Amino acid sequence: MKIYYHDGKDVSLFNRNPVTISADLSYQDDPRLPHQDEPPLPKIPGVQTQFAVHLMKLEHEKQKVAAQLSPDYLTTLGIIHHHWSPFDDIVSNEEVDNLAKERNYIHRDTIDISRMALGTFYDDKIATFYEEHMHEDEEVRWIRSGSGYFDVRDAQDRWVRISLEEGDLLVLPAGLYHRFTVDMDEGIIAERFFQTRTGWTALKRSEETEKNSVRIEYLRKRAKGFSE
């Protein structure tokens with residue numbers, strides 16, 4: 001698991017103009033990206049474009065590391081992390097089962113995020129995962145194979161990128177803004193855990209989510225260092 005500040009640059013899925021997320025982190029223009037003066041792609045609701053997805057992938061792979069962070073930094077955001085190899089079945093499954101019991105996870109499933117598994121829905125699915133959002137329940141992923149990224153917001157509203165590989169298990173607290181994407185290998189299989197059988201709902205960041213009671217409770221706990 002590698003953790004570092006995202007450099008503050010993102011590419012809108014329906015616009016070739018780079019969008020600044022956090023101006024306090026430096027960025028150098030990538031020659032592979034279109035010039036800022038080029039006209040935007042048409043904004044067509046519900047339609048994904050291969051070009052926009054390609055730009056997004058290039059951007060993911062070229063992120064500059066502003067500051068390398070220790071895994072312990074995640075605890076300041078209320079994030080729990082473990083590494084249990086899926087090939088060490090006896091030990092890993094026992095550890096995961098204990099975690100599920102401790103945190104009241106009553107349902108689990110496996111998600112395969114790849115072009116082979118999702119077919120024509122792949123690009124739209126990746127775009128949905130990459131939209132900034134929160135949940136009213138914990139989001140839990142145990143990576144069984146492949147690799148990808150979770151981006152999470154820190155206390156200064158900066159993006160922190162978490163690079164996940166096989167065996168990494170991440171518990172994101174309810175109310176934390178985040179997003180997810182695969183890397184250039186375009187494939188990841190993860191086991192997900194839920195506290196209800198209906199799962200959780202993604203709530204896109206908005207003025208409404210800022211007033212959400214779960215979000216407010218998360219901010220309160222973060223301010224106290226999750227000491228309660």
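Predicted model: local features only at pLDDT ≥ 70, side-chain atom pairs only at ≥ 80, totals over all residues.
## Strand β10 and its neighbours

Two strands pair if DSSP finds at least two bridges between them. In β10, L169 is the bridge partner of H82. Four bridges join β10 to strand β5, residues 80-83, and these two strands run antiparallel.

On to another partner: strand β8, which covers residues 139-153, is also joined to β10 by four bridges, again in an antiparallel arrangement. Here V140 has V171 as its bridge partner in β10.

## Two faces, both covered

Strand β10 spans residues 168-172, and five of its five residues are buried. In a regular strand the side chains alternate between the two faces of the sheet. Here, D168, L170 and L172 point one way from β10, while L169 and V171 point the other way.

In soluble globular proteins, nonpolar side chains tend to be buried together. The largest nonpolar core in this model has 26 residues, and L170 is among those with the most contacts inside it, along with I79, I113, V152 and I162. Elements that each supply at least two residues of this core include β8 and β10, as well as helix α4 (122-129) and strand β6 (107-114). Apart from this core lies another, of 10 residues, with V96, A100, V140 and L169 among them.

Leaving aside residues up to four places away in sequence, I113 touches L118, Y122, I126, F129, R141, F180, V182, E186, G187 and I188.

How values were computed. Residues numbered from 1 in each chain as written. Heavy atoms only, no water. Buried < 20%, exposed > 50% of the residue type's maximum accessible area, 1.4 Å probe, protein only. Core = buried A, V, L, I, M, F, W, Y, C linked by side-chain atoms within 4.5 Å. Contact = heavy atoms within 4.5 Å.
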